[in-house]
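Here is a short report on a ligand site and a chain interface. Look over the sequence and the structure first, then read on.

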Amino acid sequence: MGNRLLEVNNLKLSFFTVSGEVKAVDDISYHVDEQEVIAIVGESGCGKSVSQMTVMQLIQMPPGKILGGEVLYKGKDLLKYGPRSNEMRMIRGAEISMIFQEPMTSLNPVFTVGDQLREIIMVHKKVSKKEAWDLGIQALKSVEIPDAETRMKNYPFEMSGGMRQRVLIAMSVACDSKLIIADEPTTALDVTTQAQVTDLLMSLVKKMKTSLVIVTHNLGLVTRYAERIYVMYAGKFVESGTTEDLITNPKHPYTAGLLSSVPKITGEKQEKLKPIEGFPPSLIDLPPHCAFLPRCPYATDECAYGPYPPMRIVGDNNHMCACYNCIGGQ
Amino acid sequence: MAVSSLSKPILKVENLAMYFPLKKKLGSRERKYVKAVDDISFEVQEGETFGLVGESGCGKTTTGKCILRALDPTDGKVYYKGRDIAKIPIKSIKPIRRELQLIFQDPYGSLDPRQSVYSILKEAIVSDHKFHTRKEINNRVEELLNLVELDPDIGYRYPHEMSGGQRQRLGIARALACSPHLLVCDEPVSALDVSIQAQIINLFKELQKKLGTTYVYIAHDLAVVRHIANRIGVMYLGKLVEVMDSEDIYDNPRHPYTKALISAVPTTDYYIEKKRERIILKGEVPSPINAPSGCPFHPRCVYATGICKKEMPNFKDIGKGHMVACHNL
Ligand SMILES: Nc1ncnc2c1ncn2[C@@H]1O[C@H](COP(=O)(O)OP(=O)(O)OP(=O)(O)O)[C@@H](O)[C@H]1O
Ligand SMILES: Nc1ncnc2c1ncn2[C@@H]1O[C@H](COP(=O)(O)OP(=O)(O)OP(=O)(O)O)[C@@H](O)[C@H]1O
Ligand code: SF4
Ligand SMILES: [Mg+2]
Ligand SMILES: [Mg+2]
């Protein structure tokens, strides 16, 4: 195990809207070690993206408001710096970079790919314009974009979705980021392109000794690539553990439900899927008890009357679960 | 389920082609086409589910639209219950239209936001001319809502007051209003969360058991298609490259593209995933405007030989109705 790179403790962020307080990130704690690949999984609207944007201090405030917690990066609490501080500006990009689902929104449509690469390199490295340009070409080559010299002069819209996603990866490469947060990096892409791009990202992360946080709803993807997983439901983490423990031996009823909901390409064909009944709750006016209760086949009286079950250790390798009735006892 | 030579297909597609003409470039004499669907053939047996998979732009939706005659195919035949409907005048198609229905990815776009659930269903029911009195119609609305497992109280709601999963149930109820024989489902669950996806997939299966409806199920998610379909057709650049029983897609894929596609899909079977063979394709899918000569897959295929560049391989039966278009099997 490497050194702790990022440690998030009890982070809380809400949006204050006309309809009420949206508890998008509700007391989450996690960490990423050097050269580690972790994943945050959960369904739409559970707070995955907001949690990561909070870490990067990219959330609009208001309506957003950080209600507590700390974000320790290499031991320093980033929340102590303001979102617009010089320190945060240097952290974003040079130290931590984010890759979003739709690269069109993170690439500027009116500038060429080369101009944008050059600019970000010059912000983070003391090099001349010419040197930055050459580094840009190298970065494009490292993400296996053919004809890198010509591609530098392309506008984002002249590239395919897979190619644009490679450009974003190239940007993190060019800046030697220590941590990459990839938020649904390949969700908009076709499966074969998805596999191409993710494999490329993984090999670069290995080569550059970078840490990676994969944010996704795709359980197969995390099974393939992540070393550790955090499962998120209604603004909270409900289970965490090594990929092997969590996927082969899920403890939280929600994790188990998710796993039995997805059809598999491998193994025997299942006769029937076992979906989770009902649908996820709104993050406004959440009850004081476990948010999964209305959908949970394991619920007992304790779940309805007790406070929200806290995350606790339920197995080896720091396997943690927030449930009164963890599957398999404990 | 193997195709028995005795069973009669409800749908038979023969050499179907759909070319979209492109605007001519100034001064150029030659007219270019997007060959969205290019000479494909397959059969669908009554009461079964035929899955159509492939990556974005390979021609799945276009195929679906040709089957429903929402598009006039450039060439080929579409036999529905033995009658070729590809070329007959639109007027004579009207009576069959109700038997053929379409379900979209998110029915939101096609649902009138000012209409309540009740009136959306009523409209679909009335168009069938089978139910007339208010009582009959009300009963039918209730029956439809029951079928798709929606609470009857939802009748008073409007589409924007419903969740994605509920809207998809409504979309299905509307498509079922006229008791269709063939449903073309185009990515019906891809916009939904996994836990909701599973609910809708189960619903499709139960409805088929109850009503015997035949499905053409279009999706890019191979695991979903493997789960729901009896037979699967794999498309690449407007061509069908393989058609097989769904059991074979993981156990016995034969076309190099199908193999690559399968290996690209990750699985949550942890121990299997860790030792699966991976095939990573090089490059990207070529444009359907300048599709490669010969086998459309040859520029990316590791098995490609000289003939692959020149000739489109025949779509041949390699046993028990397993069809493959590849020179090097
Ligand atoms: N500016 C905002 N104002 C109010 N609520 C917001 C705002 N931004 C996000 N939210 C809410 O915060 C919650 C978490 O959103 P988030 O985008 O993190 O979800 P997610 O898990 O990333 O989902 P997805 O898988 O769809 O990307 C959602 O309920 C969302 O509606
Ligand atoms: N009306 C049209 N005019 C011109 N080209 C079209 C038209 N409709 C579709 N195409 C083209 O035909 C090809 C096949 O499109 P189609 O929508 O059938 O693909 P698909 O397999 O359904 O893709 P997706 O998975 O993205 O839905 C694409 O290249 C598309 O751009
Ligand atoms: S705490 Fe109770 S309701 Fe929540 S997941 Fe566990 S068993 Fe289910
Ligand atoms: Mg998100
Ligand atoms: Mg389509």
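Ligand 1 is surrounded by 13 residues. The closest are A:Ser44, A:Gly45, A:Lys48, A:Ser49 and A:Val50. This is a predicted model.

By class, the shell around ligand 1 holds five nonpolar, five polar and three charged residues. Two elements of chain A give two or more residues to this shell: β1 (4-17) and α1 (48-55). The largest share is that of α1(A), with three residues.

| Residue | Polar atom in the residue | Distance to an oxygen atom of ligand 1 |
|---|---|---|
| A:Ser44 | side chain | 2.7 Å |
| A:Lys48 | side chain | 2.8 Å |
| A:Cys46 | backbone | 3.2 Å |

A:Cys46 uses a polar backbone atom, 3.2 Å from an oxygen atom of ligand 1. How much of ligand 1 does the protein bury? Taken alone, the ligand exposes 640 Å², and the protein buries 63% of that.

**The interface of chain A and chain B**

Now to the protein-protein side. Chain A brings 43 residues into contact with 44 residues of chain B. The area buried between the two chains is about 4,100 Å². Carbon and sulfur atoms give 56% of that area. Which residues of chain A lose the most area to chain B? They are A:Arg224, A:Ile265 and A:Lys269. Together these three account for 21% of what the chain A side buries.

A:Arg224 also takes part in a salt bridge. Its side chain meets that of B:Glu273, with 2.6 Å from N to O. Across the interface, the rule finds four salt bridges. It also finds 29 residue pairs in polar contact, counting pairs with both residues at pLDDT 80 or more.

Several helices of chain A each supply at least two residues of the side that touches chain B. They are α7 (161-174), α8 (191-208), α9 (219-225), α10 (243-248) and α11 (253-261). The touching side of chain A divides into 16 nonpolar, 15 polar and 12 charged residues.

Technical notes: Residues numbered from 1 in each chain as written. Chains lettered and ligands numbered in written order. Predicted model: local features only at pLDDT ≥ 70, side-chain atom pairs only at ≥ 80, totals over all residues. Heavy atoms only, no water. Contact = heavy atoms within 4.5 Å. Buried area = accessible area lost by both parts, 1.4 Å probe. Polar contact = N/O pair within 3.5 Å; in protein donor to acceptor, adjacent residues only side chain to side chain. Helix = DSSP H or I, 4+ residues; strand = E, 2+ residues; numbered from the N terminus. Nonpolar A, V, L, I, M, F, W, Y, C, P; charged D, E, K, R; others polar. Near = heavy atom within 4 Å. Areas by Shrake-Rupley, 256 points an atom, 1.4 Å probe, with all protein chains shown as cover.
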